[in-house]
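Have a look at the chain, then read on.

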Amino acid sequence: MINLGLDFDDTITRIPDFFRLLTNAVKQEGGTVHLVTSRPDTEMVRDLTRRELELHHIHVDKFYFFAHTLEEMADLCPYQELDPDKKWLWQKIEYCMKYDIDVFFDDNDKVTELFSEFLPQTTVFKTIDNG
């Protein structure tokens, strides 16, 4: 069974029909869909995100909204040599390590670089704007 990880903004929101089909296929095969977003972890943002997913008929099993600020991650990230943005984005890598994510989709070059360096066993696809 596959553990699929998805970013939200400029990933799911860029091609929601594709991700509706993909998440349905993963669920049919018994896999798990994880939303791992840099949106802040507030009740309002969680509700808005769930409504947007429902609007596009995209099923998600587990949610991770960024719980730490850029300043907090400066101390929490185990790799102090990373630039501040990558330290903040480290939350995605940490989550994917914890839940053994097999495949991850994201639009951010810094995220794909972090996966390449620290979690190369996860297959990462970068969404791009062809439009």
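Let's start with Gln-91, which is found in helix α5 (residues 84–98); helices here are DSSP runs of H or I, at least four residues long, numbered from the N terminus. This is a predicted model, where local features need pLDDT of at least 70, side-chain atom pairs count only at pLDDT 80 or more, and totals for chains, interfaces and linings use all residues. Residues are numbered from 1 along each chain as its sequence is written, and side-chain values use heavy atoms, with hydrogens and water left out.

Is Gln-91 buried or exposed? Gln-91 counts as buried because its relative accessibility is 1%, and buried means under 20% relative accessible area (1.4 Å probe, protein chains only). A polar atom of its side chain lies 3.2 Å from the backbone nitrogen of Ala-67, and the backbone nitrogen of His-68 also lies 3.2 Å from a polar atom of that side chain. Leaving aside neighbours within four places in sequence, Gln-91 is in contact (heavy atoms within 4.5 Å) with residues including Tyr-64, Phe-66 and Met-73.

Now for the rings. The structure holds 13 aromatic pairs, meaning rings of Phe, Tyr and Trp (its six-membered ring) whose centres lie within 6.5 Å; planes under 30 degrees apart count as stacked, over 60 as edge-to-face and the rest as tilted. Trp-90 and Phe-118 are edge-to-face because their planes sit at 90°, with ring centres 5.1 Å apart. This pair links distant parts of the chain, with Trp-90 in helix α5 and Phe-118 in helix α6 (residues 109–118), 28 residues apart. Trp-90 is buried at 3% relative accessible area, and Phe-118 is buried at 14%.

Conventions: Helix = DSSP H or I, 4+ residues; strand = E, 2+ residues; numbered from the N terminus. Buried < 20%, exposed > 50% of the residue type's maximum accessible area, 1.4 Å probe, protein only. Polar contact = N/O pair within 3.5 Å; in protein donor to acceptor, adjacent residues only side chain to side chain.
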